[in-house]
Amino acid sequence: MARTLKITTRNATFQQWQALLTNRTKRQRAGEFVVQGVRPITLAVEHGWEIRALLYPDGQSLSRWSRGILDRVGGAGRVVVAPELLRELGGKDEESPELLAVVGLPEDRLQRIPRTADLLVMVFDRPTTPGNIGTLVRSADAFGASGVIITGHAADPYDPKAVRASTGSLFAVPVVRVPSHREVTDWAGSLRAGGTAVEIVGTDEHGDVDVAEHDLSGPKIIAVGNETHGLSAAWRESCDRMVRIPITGAASSLNAASAATVVLYEAARQRARKAGR
């Protein structure tokens, strides 16, 4: 079993954890991030993510859940932290979190997304808000997507706001970051060469057809644009079909994560109907 450390001051280790919460570059350089919350930590453990350290408050009795996680992840470093310091890391003013986890970042490889006959992948092009990424990942998990791809200069899916907004779904659905649309289209080409007739579908308010009128039951890569500008011109040119979500009222468009949720629901509905469920 890993040895137990004790931290009572804002030493270098504590400052490193603080940096993981606020600094994307530090997260990337260290290859790890801090996970807060019962459900996200539980799902990280259940889905086999690399748990590097578990932090818990000094001098406080642990809940059954905390003891279970500590027992289950025997290889992770155990760190007893002064409650006031753990409270800073937990983002709560009123009390110390019962447990925090330092988790290793996965590789950004599209091969992490399973190649299945009913492939359903959501692409988020240049999202600017971590919360929207987390919300989209949560919807992708809820509606059975195979994975989520973040393209271009974008917010970080491992930002604490994104992890919280995903309610832990970040650990259940492969999320992969790539520099541009090219990596996705190349991947789609390899899928097609391997016999998976995947279609790339873009979403736009001026799309060719309503989303409910387009067949989403086969293998699909569905792209949504960022919160302000929508899909880039390069992405639009890369799509085989553009679909629209019909809306009424004073709203001119939907929030990007909301639009993705609508499309995911429609895809799940069509697939369930085709399967006779």
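Modeller: Domain bounds here come from an automatic or database domain assignment. The model is predicted: local features need pLDDT of at least 70, side-chain atom pairs count only at pLDDT 80 or more, and totals for chains, interfaces and linings use all residues. Residues are numbered from 1 along each chain as its sequence is written, and side-chain values use heavy atoms, with hydrogens and water left out.

Colleague: Fine. How is the chain divided?

Modeller: Domain 1 covers 5–104 and domain 2 covers 110–276. Their centres, taken over C-alpha atoms, are 31 Å apart.

Colleague: How many residues does each put into the contact?

Modeller: Domain 1 gives 14 and domain 2 gives 16, with contact meaning heavy atoms within 4.5 Å.

Colleague: And what area is buried between domain 1 and domain 2?

Modeller: About 1,300 Å², 56% of it from carbon and sulfur atoms. That is accessible area (1.4 Å probe) lost on putting the two parts together, summed over both. Arg24, Phe33 and Trp49 supply 38% of what domain 1 buries against domain 2, more than any other three residues.

Colleague: Switching to charges. How many salt bridges cross the interface?

Modeller: The rule finds one between domain 1 and domain 2; it asks for a side-chain nitrogen of Lys or Arg within 4 Å of a carboxyl oxygen of Asp or Glu.

Colleague: Which element gives the most to domain 1's side?

Modeller: α3, with four residues. Helices (H or I, at least four residues) and strands (E, at least two) are DSSP runs, numbered from the N terminus.
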